[in-house]
Amino acid sequence: MNQHTISRISISLLAIVMFTFGIYHFMYPQNLIAYLPSFLPPGNIWIYVPGTAFILAAIAFITNRKVKLAGYLLAALLLIFVLTIHLPNFLNGSSDEYRQIALINLLKDTAIAAFALHIAANASN
């Protein structure tokens, strides 16, 4: 396989993951509402907006349209999650298990954001 094929497979795999995360946000918002920072007003809108963003990023990556914009916006969203949700949960978690989950999510979202930045930086559109 050539480098372009491997790259397209990698981007497609990320798109599938982001699409799945997006669908999960719509199917199970009650599972995610507990993770919202306390400074946000309550409401499922804070779950649906990121879900929509994940789905739109997946569509952009699969269709190879607006990839640069989608990659940068996805990275920004994920880094906001890292700073406002995962890091505070890690630092202030009520148990070792909760802090461990927060750390895993912090690392996962940081890695996905880095991949999204790489995709955006190499995109032509």
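**Reading burial, aromatic pairs and helix packing**

Mentor: F21 is partly exposed, with a relative accessible area of 27%. Buried means under 20% relative accessible area, exposed means over 50%, and partly exposed lies in between (1.4 Å probe, protein chains only). The model is predicted, so local features need pLDDT of at least 70 and side-chain atom pairs count only at pLDDT 80 or more, while totals for chains, interfaces and linings use all residues. Residues are numbered from 1 along each chain as its sequence is written, and side-chain values use heavy atoms, with hydrogens and water left out.

Trainee: Which type of pair do F26 and Y48 form?

Mentor: F26 and Y48 form a stacked pair, with 5.2 Å from centre to centre and 15° between the planes. Because F26 lies in helix α1 and Y48 in helix α3, the pair ties together parts that are 22 residues apart in sequence. F26 counts as partly exposed at 37% relative accessibility, and Y48 is partly exposed at 28%.

Trainee: How may the length of helix α3 be checked?

Mentor: The expected span of a helix is 1.5 Å times one less than its number of residues. The 19 residues of α3 (residues 45–63) should therefore span 27 Å, and the end C-alpha atoms are 27 Å apart, which agrees. After α3 comes N64, whose phi is positive, near 60°.

Trainee: What do the buried residues of α3 pack against?

Mentor: Contact means heavy atoms within 4.5 Å. The buried residues of α3, among them I47, F54 and F61, pack against α1 (3–27), α2 (29–32), α4 (67–92) and α5 (96–122). From the α1 side, F19 touches F54, I55 and A58, not counting residues up to four places away in sequence. The C-alpha atoms of F19 and I55 are separated by 4.7 Å, although the two residues are 36 apart along the chain.

Trainee: How are two packed helices described?

Mentor: The description uses the angle between the axes and the distance between them. Axes are lines fitted to C-alpha atoms, for helices over the stretch in contact, and angles run from 0 to 180 degrees between N-to-C directions. Angles under 35 degrees count as roughly parallel, over 145 as roughly antiparallel, 65 to 115 as roughly perpendicular and the rest as oblique. α4 and α5 pack at about 165°, with their axes 8 Å apart; these two helices are therefore roughly antiparallel.

Trainee: At what angle do α1 and α5 cross, and which residues meet there?

Mentor: The axes of α1 and α5 come within 12 Å and cross at roughly 130°, and the two helices are therefore oblique to each other. S10, I11, L14, M18 and F21 in α1 meet K108, I112, F115 and I119 in α5.

Notes: Helices (H or I, at least four residues) and strands (E, at least two) are DSSP runs, numbered from the N terminus. Rings of Phe, Tyr and Trp (its six-membered ring) pair if their centres lie within 6.5 Å; planes under 30 degrees apart count as stacked, over 60 as edge-to-face and the rest as tilted.
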